[in-house]
Amino acid sequence: MTNPARDYWRSLEELADSPDFAAVVEREVPRFRDVLDKFDRRQFLTLMAASMALAGLSGCGPEPNPQQRLPYVEAPPGVVPGRQRYYATAHTRDGYAEGVLLAHEMARPIKVEGNPDHPASLGAAGAITQASILSLYNPRRAQTVVGPGQISSWEGFVAALYRRREQLLKKRGEGLRLLTGTITSPSLGAQIAALQTAFPAMRWHQWEPLHRDNELAADQMAYGRPVARVFDLAAADVIFAVDSDLISAAPGWLAYARQFAARRRPDETGGKMSRVYAIESTPTLIGAKADHRLPMRPVEVAASVRFLAGAVGAGPSQWTEIQSPHRDWLKEAAADLTANKGHALVHAGREQSIEIHLLVELINAALGAHGNTVRLIEPPVVSPTLHLQSLSELVGDMQAGKVDTLLILDTNPAYSAPADIPFAAALKRVPFSVSLSLFADESALLATWQVPAKHEYEAWGDARAFDGTATIQQPQVRPLYGGHAPSEVLAVLQGNTQPDDLTLVRQFWQRQQGAGSAAEGNPQSLAGDAGGGQTGPQSSGSSQPALAAAEAFEAFWHEALRRGVVANTAAPPLTLTPKAGLAEGLRPLPLGGEAAIDLLFRPDEGLWDGRHAENPWLLELARTFTRLTWDNAALIAPATAKKHGVKTGDVVAIATRYGATKAPVFVLPGQAPDTATLWLGWGRQAGALAEGVGFDAYRLRGAAEPWLARATRFEKTGETYRLATTQGHDRVAGRDLIREFTLDRFNNDPEYVKQKSKDVSLYPGYIYPDRAWAMAIDLNSCIGCQACTIACQAENNVPTVGKDMVHFGRIMHWLRIDRYYSGSPDDPDVAFEPMPCMHCENAPCEVVCPVHATVHDHEGLNLMVYNRCVGTRFCSNNCPYKVRRFNFYDFAAATERPPESWNPDVSVRGRGVMEKCTYCIQRIKVKEIEAERDGRKLRDGEVVTACQQSCPTQAIVFGDRNDSHSHVARRKATPLDYVLLDDLNTRPRTSYAAIVHNPNPAIGKEQS
Amino acid sequence: MSLPGELPADEPIVAPAVTMSSLSFEVSSRVLRPGAPRWWWIGFGFSFALFILLVIQLAWLFIFGIGVWGVNIPVAWGFAISEYVWWIALASGGTIISALFHITRQPWRAATNRIAETMLLSAIPCAGLMPIMHLGRQGLFYWLFPYSSVMGVWPQVRSPLWWDFICLFCYILMSIMYYYTGLLSDLATVRDLARSRFKQIFYGVLALGWRGSSREWRNHKIVYAIMSAIMAPMVISVHSVVGLDFAGGLTTGWHDTQFPPYFFFGAVISGTAVIVMLTIIVRWGYRLQDVITQYHLNAMAKVVLVGSLLLAYAYLWEAFGSIYSSDIAEYTEYMHRMFGFTAAGFWAEKALVVIIPQLLWLPAVRRNQTMLFLISGGIIVGMWIERYVFTTASLEHNYMPSYWGLFYPTFWDWAALAGTIGLFLTMFFVLIRLVPIVSMAEVRDIIEKKKRGEA
Amino acid sequence: MAIFGPSANLLTKAVLLAGTGLFLILLLMVWVVPVMGYNSQERYAPQQPVPFSHKHHVSGLGLDCRYCHDKVEVSSNAGMPPTETCMTCHSQVWTRADVLAPVRQSLAQGVNLRWTSVYVLPDYVFFDHSIHIAKGVGCTDCHGPIGDMALTWKATTLYMSWCLDCHRNPAPHLRPRDQVFNPHWVPGPNTPSGAELMKAYDIHPERLTDCGTCHR
Amino acid sequence: MREPYGLIGVFATPEAIQQAAAQLRRLGLHGVEAYTPYPVEGLGELLHPGRKLFLPILMFVAALCGAAWGYFIQYWDEALDYPLNVGGRPHNSWPAFMVSTFEFMLLVTVFAGFVGLLVASRLPQLYHPLFNADEFGRASRDGFVLCVEMRDPSFDLATVSRIFERCGAERIEEVTA
């Protein structure tokens, strides 16, 4: 395989030649879509269903128009029909890379999977990453270059920008501004640096709505320089989380989640577990998994952190003299931390104040975390900046008319800027502004030039992971809707009128290698194109002859592309110690006692900062705690709700110093009193699918308090709003669905832990002699991130249905995550329970199907034969686990995605047919056939289900139960293993490992 | 059935004035008269309008799919199935009156069984239509027939749905044969009275040349007796199997061994109730007060009363089982049914089906046609609510709390209900126009017996 | 004045007889109609852009199936040969033949040839060539005397029942691996029996009739 | 000239016709048949003595066949032709087969009874000489008609009509074929 991308391009030409493809593109042109958008989605669905039905009526008898086959003109090497090939690249979130592999079927990318070789993925992939494939194919992406007032072309844009360049060169770049998001791309960094030298007066601004300014500022105070952290949760026996996004959103969270979970499985670690404390204002994943959790208002959080600092000797000891109901709790936690010096870790979330970040840093230092559980490294980010400051300076200059040329690359400040930074207004005063974006978003519509961007999977580029490891991104598909990479736009400024991202990236890395791959390891110097220093292993120093160098580079290049990782680019650790006397320097806390509502701004799980708002999978993904789809809401605690006399669905008017909006209320157990969490990223003003969905929390967000704002108004309006949630009831209602034990119960009383199986049946049991597929799900490991749900959706062609259908109870997810509360609604225990099909051996669903549409096979799979199903729906009624889904309309036909983006190995279900989790039978069969062809037995771990593969914590294990050495058999052997509703004697193949808590005896909060 | 055979002194089973010839002329004339009476046209027009609604509903359903109804997951069965049960129950009532009371030799059965059976034939299509409509892919319902064609696949005969399908299939065919067997001699009467050539041929062909020879009568007696003896257990089995559709699954609130009899009781009361209503209408419309007397209504009222008592017993038992049982799922489901989303329906149903019918203990009420009519109507509505409540409520609060949901019917759900009622009434009106509505042969027998002071 | 004359009785009997007969015939049709050629499209031979003859290439020139269908042993899909494959020979022989014009054109202009499918499986059926080859099912078992077809025609019904016949009892359809691609294979005296081959290939018929074998 | 078929007498009461029938029987005449608007008890036994078990036996046999057929269909389907593992239940799970077996049994029985009735009563027979009689129509409403066929050699018009009259026939009529 010479150039991995080459053969794909060729085959796409063939693809593009076929009239079908032309038709597809034709059909997907937004113009036609708009007509349909006039209807609400339900009507839209019914219409589609209707047209399908009518079409179906005419389709009887012998093929009216026979199918055609189009063989290649020249066969591309290595493409085997019906077999998937994988190409490595990276998907970025806030600029940080997560390594991925894209599965190609007949050279079409159909699924995103984690790259096992990549430190930030380890083979797992989060929901957003999984869903990125849908954005790639999204027919609503920006497709045309629009110049001032009229439709233009890329060439037109290049010409215009080039002319601009001439003038700018004259005045040394005066008035030229660059606005980007966080950038970790070394090549892009180098390009910008080069521009900076070409245009000395140019200024580069950064705006990432979910910036990490507070962390940066704290580091500046502590170390006088920006740093980044890499945590080692494997070494952490005690973790103290302060509103932490450590295993949900922080760069590298996939890796952290895996380390975290590995320490939470006592049955695999000889009865040892880490202990987790969490104090937070709004529920987080790590808080849900914590052994001790306290919901508290931000002011209390600050006080508690001070207490902790004082208690562990990181701050003045008088900080420990606070009046707080939680004082003893904190004291014990602090004691536990100090007792585990060197094995303790404290982490604060992105949204916490500078002070808290500073204190956390000091506490970690005091606990000897540095070097053990925390590693300080060079930040992978290119020139870390305070984004808020950077943006406000830019806007200031724009208003002052100092900016005449503005390049907005892949960020959308017109929508996401703080309410008191009038970017949109200022943008009108910029004579020449360019917005390079995937969709025609708010900024693009205001800019004089809107240029469609390439999707990451269409472009050449590179990016760094949380630990500095670089990945070279290779295109998976030729741009579907035109579009260009940021590097290409910048190249135009550099005078290159025929920019090509491949050459740009290649040249950069060639220079790196040429420069003796010096600085791998040292991102900063990578960003600048100067090098020097010790030579890396596989590099060939400039002393070698050029030819050898070229060969060496080819080798390096292909290795980097193949593995999806550039070897030895991880940033080296820094050994720094925080300045002394910082804690003492802190001002005393303001006494924020009076009860007004604190507004907490948080990224949305799916839409993130709003950039994924056009992705139906993410819109319909039920949020972890609220199970809310297609909307955001103001999340408030039950107590607060009572106080304000509102309930879920009531609309409240919220205002801050910066702006006002209306929002539906959602009562969320475990939320801190007198706080309301608002998800960012909703309420877009531009966009087809997302426009007007949810409310825009950015309007309430000010530059001074980006994460936490005091509400000046929070009143019931009397209006109500219909929220579509997917979970019917929040508690187990007496069923034996969630099993929980304490660690010492597990260690000292295994008999009690073991479930008594009452396995009696009138009929003789069925024998499964050779293979018996089974799944084991570890509830200790499951952190509720829902990567599996989207993975399943992507793998199995599961359609989206729209808000109304969700509200009707017709959501289609095959794999859902149930979230159960126990304990008081103010501070409940949370348990997550992934629910795939149980593949019961005595399946109740099969017995009631009158047409043999669902039956067992000889390996114990509960099969669903769509083409035999007549749709009596009795199976669903009879399924105690309610894992069956029904196509009430022709959902698949109504889903907006080009036909070539579906997974060809899985039937796309039509109207009136039942469907459900199949244990990814298509994957099983492919491997089975391979093995049979080679005349060997299947190896354990050869078949991997989509959910298992995507799971960051390895909570899901699948395999042959009859093979006692298989991973799944070992998992099922633990005393914690149990099945749901076993008194129904359905004999599920899917079993669960009970939750084990490791409470601090001194705090003695009964957990089990 | 322990119905007192005695005739109330003031309520003869047949008015003395009625002779064999007057009976024959009266009853046949209703069929043979050239134009239909106004009340018939009004009734028929109304029914036909509803029937048109059914046609529209079907078109809408087939074009857009089952999604136009309110069904969802978890409540995958909504109106269609509960109404299917409801219709079957009404239909069964016909067989119960005609078969069960034939083998138990109830004299009053003679004048009413034709109405009962006519009602049965009109109700069965409605029942049969429901499960087909509710399929996801209605066009493929024939896959339930035990034939494999080129697929090589058969139905799954362990499924209660299949039992039910077979049951309904047999029941329809058998009912038609049973109906026709009973009808033969009366068709002959009409044939012999018909004057217009067309009607002569029409009824002549239908009567198959029945002459009433002693040989025919004797064969007829044997076969009709055995048929009745079969139809009786048949109707019981039909409704038991419908019960098994629910009891056969393990869904909370359905998985209940008492369902088969429970459903049969429901059939007794609702079937008889609808017959009472139709009898009152026909009796009034066709002015057959002499043939269908207070006695009949009185007797049927008693059957209704018995039915409501049986049902009351079943209700108590159901409540006891659910509340007393240690099964938390059963318990929560029943609590939801009683006090939750469906509470209103639950209590309304109990009132209409069990409490109000207790008025029938009073002879005065039994003889007051208006009261009788209203109570019967109430029962039928109540039974509909009952089916609806236990079908949906049980699914709403199933084993998986995370997947509890509610059922909201849509316009098209109601359209299906109204439409099938239209179909039912349309068929009924057409049939009472075409066939003699009283089994004359049997009434003659009674008249003769009365002459001789027997019976 | 009877309503009907004496002839009526005879007529009735005739009508009854006819009715019963008709009913039985209709009943029979339910089974007969599907297996009629019209429905199954057996022997259906569509027009192709180039009148390609397997008879000539396979029986005549003795080309191996895999020369053109090169992926058949590794892929679910036997695959149609790319134009370049045709041109390996036809750049030398028949370079002027009009029938081959489309092929030359295809290569020259990079336009795909458009063959009409002879065997069309529904989307919900997942058939894998490679495994059938690996288990010793010969090409001709499904594709009929493909080696002697001047214009390719559909040799089987492709009905599920047809698939099941073999999946229930594979033995008669198995051959030694080296004979799989032999279009004129006939079992010789020392060919191993079907039972032996089943053993050798490790085939378990009971599992072959699992619905999941073909439907996913 | 249409050749005669028989002689009918129309009676008003079941008693009368029974009396007449009894007397004719005593004469040992054959081809005597009564036509009544409802089954008159005893009349059938009188005119066609002997036990008629044909129909009951027919229906009983039909019942057995129906049951066997019903069960076989299911057994063939689930256990013989395409045995599939349905929810871990055995292929021949006979308890589940019973319901349909029962239904098939009843269906076949009733069908046999219905057909048997028609065959045994020689129906359908749209034309019968009796329909030529003016008064025969009463047999289907209020008249009790007794008919003696003339083909019997020992038939004597005078005797029969006398018996009719003596038993109070309201009307006596010759019927021609």
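This is a predicted model: local features need pLDDT of at least 70, side-chain atom pairs count only at pLDDT 80 or more; totals for chains, interfaces and linings use all residues.

**Entry 1: Trp608(A).** Phi of Trp608(A) comes out near 60°, positive although the residue isn't glycine. Buried or exposed, I wondered about Trp608(A)? Its relative accessible area is 4%, so Trp608(A) is buried, the cut-off being under 20%.

**Entry 2: Asn797(A).** I found another positive phi in chain A, near 55°, at Asn797(A), again not a glycine. Asn797(A) belongs to the loop that runs between α27 (787-795) and α28 (803-808) of chain A. With a relative accessible area of 1%, Asn797(A) is buried.

**Entry 3: cis peptides.** Next I looked at omega. Most peptide bonds are trans. The bond joining Ile73(B) and Pro74(B) is cis, with omega about 10°, and Pro74(B) is in the loop between α2 and α3 (79-103) of chain B. Pro124(D) falls in the loop between α4 (94-120) and β3 (144-149) of that chain.

**Entry 4: chain B against chain A.** I then turned to the contact, which takes 51 residues from chain B and 57 residues from chain A. The two chains bury about 4,500 Å² between them, 60% of it on carbon and sulfur atoms. Which residues of chain B lose the most area to chain A? They are Ile73(B), Met400(B) and Tyr403(B), together 15% of what that side buries; I had already met Ile73(B) at the cis bond. I looked for salt bridges between the two chains and the count is zero, but there are 39 residue pairs in polar contact, both partners at pLDDT 80 or more. On the chain B side, α2 (38-64), α5 (160-193) and α10 (328-339) each give two or more residues. The largest share, four residues, comes from α2(B). By class I get 33 nonpolar, 15 polar and three charged residues on that side.

**Entry 5: α13(B).** Last, I checked a helix length. At 1.5 Å a residue, the 28 residues of α13 (residues 369-396) of chain B should span 40 Å, and the end C-alpha atoms are 40 Å apart, so the two agree. Of those 28 residues, 22 are buried, so I wrote the helix down as mostly covered. Asn368(B) caps its N-terminal end, with a side-chain oxygen 2.8 Å from the backbone nitrogen of Thr370(B).

Notes:
Residues are numbered from 1 along each chain as its sequence is written. Chains are lettered from A and ligands numbered from 1 in the order in which they are written. Side-chain values use heavy atoms; hydrogens and water are left out. Contact means heavy atoms within 4.5 Å. Buried area is the accessible area (1.4 Å probe) that two parts lose on being put together, summed over both. A salt bridge is a side-chain nitrogen of Lys or Arg within 4 Å of a carboxyl oxygen of Asp or Glu. A polar contact is a pair of N or O atoms within 3.5 Å; within protein, one must be able to donate a hydrogen and the other to accept it, and residues adjacent in sequence count only if both atoms are side-chain atoms. Ala, Val, Leu, Ile, Met, Phe, Trp, Tyr, Cys and Pro count as nonpolar, Asp, Glu, Lys and Arg as charged, and the others, Gly among them, as polar. The expected span of a helix is 1.5 Å times one less than its number of residues. Buried means under 20% relative accessible area, exposed over 50%, partly exposed in between (1.4 Å probe, protein chains only).
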